[in-house]
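Okay, thanks for coming, everyone.

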Amino acid sequence: MSGSELAARVREAQAVDREAFDRRAAEEAERLKAEVRDGTFDNTEAIVGLELELYAVDARSGSLRRVPRGLLDLIGFEKELGLHNAEMQTSPQPLNEHGLVAQEQELKANLAPALNRTGRDDIRLVSDGMWTVPPTGETATDYLCDSVEQDGVRIATNMSDAARYHTMANTDYPTGMRVEAPHVSLSADTVMPESLITSIQPHYQIPHAPDLPEYFRYALRVAGPLLALGVNAPFFPPDLYDDADGEEIVADAWLENRITVFEDVLNPDEADAPDKVRFPPDFDSVEEAIDDVVADETIVPMDVEAGQRFDDAFVHFRHKHGSYWRWIRPVFDGPTEPQANARIEFRPLPAQPTVRDAVSFQAVFAGLLTTLTSIEHPVRAMEWETARENFYAASREGLEADLTWITADGEETTALDRIYGELFEAARQGLETQGLPTDAARRYVRPLRERADRRVTPARWKHDHVAAAVDQNVPLAEAIWGMQSAYVDHQEETLLEGTFVDWL
């Protein structure tokens, strides 16, 4: 798409009547509530799915690579924000032994040929929380901040050509378009800095849609402990750091900078404007969850036409939901009426070192929701503020964070072994409840249990690697790039058939 065509599409979005769009979304939400009450969004069983984001690097140098759009289409992956991004989604499967096997095999079945095909062009697809090596001959700052003005519209040079991405920089909503982290301060004219980060997003479909608030409450309370296990983004591209000493930068590094990047780029920097990206509230009813989407600030209203999908009856609501950025969020959709579902999308986790690690998080999350809701685990009574504090502490410190949990006996604890011992046992029980044999359930839990037992996460592995190099007087940039090269090398050997703990 040419720059002038993209600018024209952005101007079309700018011309949409925001109030009329919001009215239609609100009207559709009332119909959606009626469908939920009528049982349309119920399922006979729990169902799981997974989104996996990757970025591309040069197979020889390890520097970031733009993926040709034709190549992306050829390997069957979807566009994401940056030209270096790629995304795949699994087909929803029942939460049982065969469904989880199908999830893992589908990821491998798509990744294996994609890796082979991109390899012919010296491109390597990487599963990681944040890239750190910019394209050859460019700085990260230039790559993230480069933009042009086309017919009065600001367009990011290295962003995919979806009009909604570019419209975010051309609306009245005061999107921050910045990054603030220890020793990092970046300001851009578009939301392109968000393309620093990549994630996995497990989905859990609720059997009975009106029960969503109960599952959601537990999802918020396991968010901190699961994020602490998954942290994988302790360092930025080196040229984004200020002139601080390398040892100081390493000492002050947060272990999951993906959280602050997403919030800083998309949240307003004005104190009186509401945050778009945030830890969500508890809901008392499924209707309240739907209302929360409707009440959310609309950034990019667009003229959206209904197609032949069942959920196109809620097309404006669904479009509005696309910018309802919460770290855990309810989703209501389905291409046909029998496939209509209410589910929880779990968004805190960065992309993981291997496929099996990603599926382990998916399985443990699903197993936890199964068990905690079925036994009415006392952690549901944990104060929302405590769950939120756990979440942000985990993003900064990983397994070193002071996490709070309420045990099955109703006791409050901060003992890490007790917290994870109970979490993993509940996850195993939940998977067995869904029909998995004990050995199969333990297989999904084991990669994460070993992280907790060894007190090592991907972010800690990266941090220790860089810290050791800096202690040997290696310049910070070389230390970070050396770590990144080692990460990609390890992943090349284990992405499809190993786990992160195989690296240790």
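Predicted model: local features only at pLDDT ≥ 70, side-chain atom pairs only at ≥ 80, totals over all residues.

Now, rings with rings. How many aromatic pairs does a search of the whole structure find? It turns up 20 of them. Let me show you two. In the pair made by tryptophan 131 and tyrosine 143, the ring centres are 5.9 Å apart and the planes stand at 85°, over the 60 degrees we need, so we call it edge-to-face. Tryptophan 131 is in the loop between strand S4 (123-126) and helix H5 (140-145), while tyrosine 143 is in helix H5 itself, so the pair ties together parts 12 residues apart in sequence. And are those two buried or exposed? Tryptophan 131 is buried, at a relative accessible area of 1%, and tyrosine 143 is buried too, at 1% relative accessibility.

My other pair is phenylalanine 346 with phenylalanine 365. This one is stacked, with 4.4 Å from centre to centre and 25° between the planes. It links distant parts of the chain: phenylalanine 346 belongs to strand S11 (residues 341-346) and phenylalanine 365 to helix H12 (residues 355-374), 19 residues apart.

One aromatic cluster is formed by Phe262, Phe279, Trp325, Trp327, Trp384, Phe391 and Tyr392.

Let's move to arginine 326. You'll find it in the loop between helix H11 (315-321) and strand S10 (328-333). Its relative accessible area is 1%, so arginine 326 counts as buried. What is it in contact with, once we leave aside neighbours within four places in sequence? That would be Lys276, Arg278, Pro280, Asp292, Asp296 and Arg347. For a sense of scale, arginine 326 and serine 160 are 166 residues apart in sequence and 23 Å apart in space, going C-alpha to C-alpha.

Compare that with proline 182, in the loop between strand S7 (178-181) and strand S8 (184-187). At 21% relative accessibility, proline 182 is partly exposed. Leaving out neighbours within four places in sequence, proline 182 is in contact with Tyr241, Asp252 and Trp254. Tryptophan 254 is 72 residues away from proline 182 in sequence, yet their C-alphas are 7.6 Å apart in space.

Last stop, the second largest pocket. Its volume is about 270 Å³. The lining is made of 14 residues, and Asp58, Ala59, Gly62, Val488 and Asp489 lie nearest the pocket's centre. Where does the lining come from? Strand S1 (47-58) and helix H17 (476-494) each supply at least two residues, and H17 has the largest share with 6. Sorted by class, the lining of this pocket has 5 nonpolar, 4 polar and 5 charged residues.

Key. Residues numbered from 1 in each chain as written. Heavy atoms only, no water. Phe/Tyr/Trp six-rings, centres within 6.5 Å; stacked < 30°, edge-to-face > 60°. Helix = DSSP H or I, 4+ residues; strand = E, 2+ residues; numbered from the N terminus. Buried < 20%, exposed > 50% of the residue type's maximum accessible area, 1.4 Å probe, protein only. Contact = heavy atoms within 4.5 Å. 1 Å grid on protein atoms, 1.4 Å probe; cavity = no way out; pocket = protein on both sides within 12 Å on 5 of 7 lines; lining within 4 Å. Points joined across faces, edges and corners; volume = space filled by probe spheres on them. Nonpolar A, V, L, I, M, F, W, Y, C, P; charged D, E, K, R; others polar.
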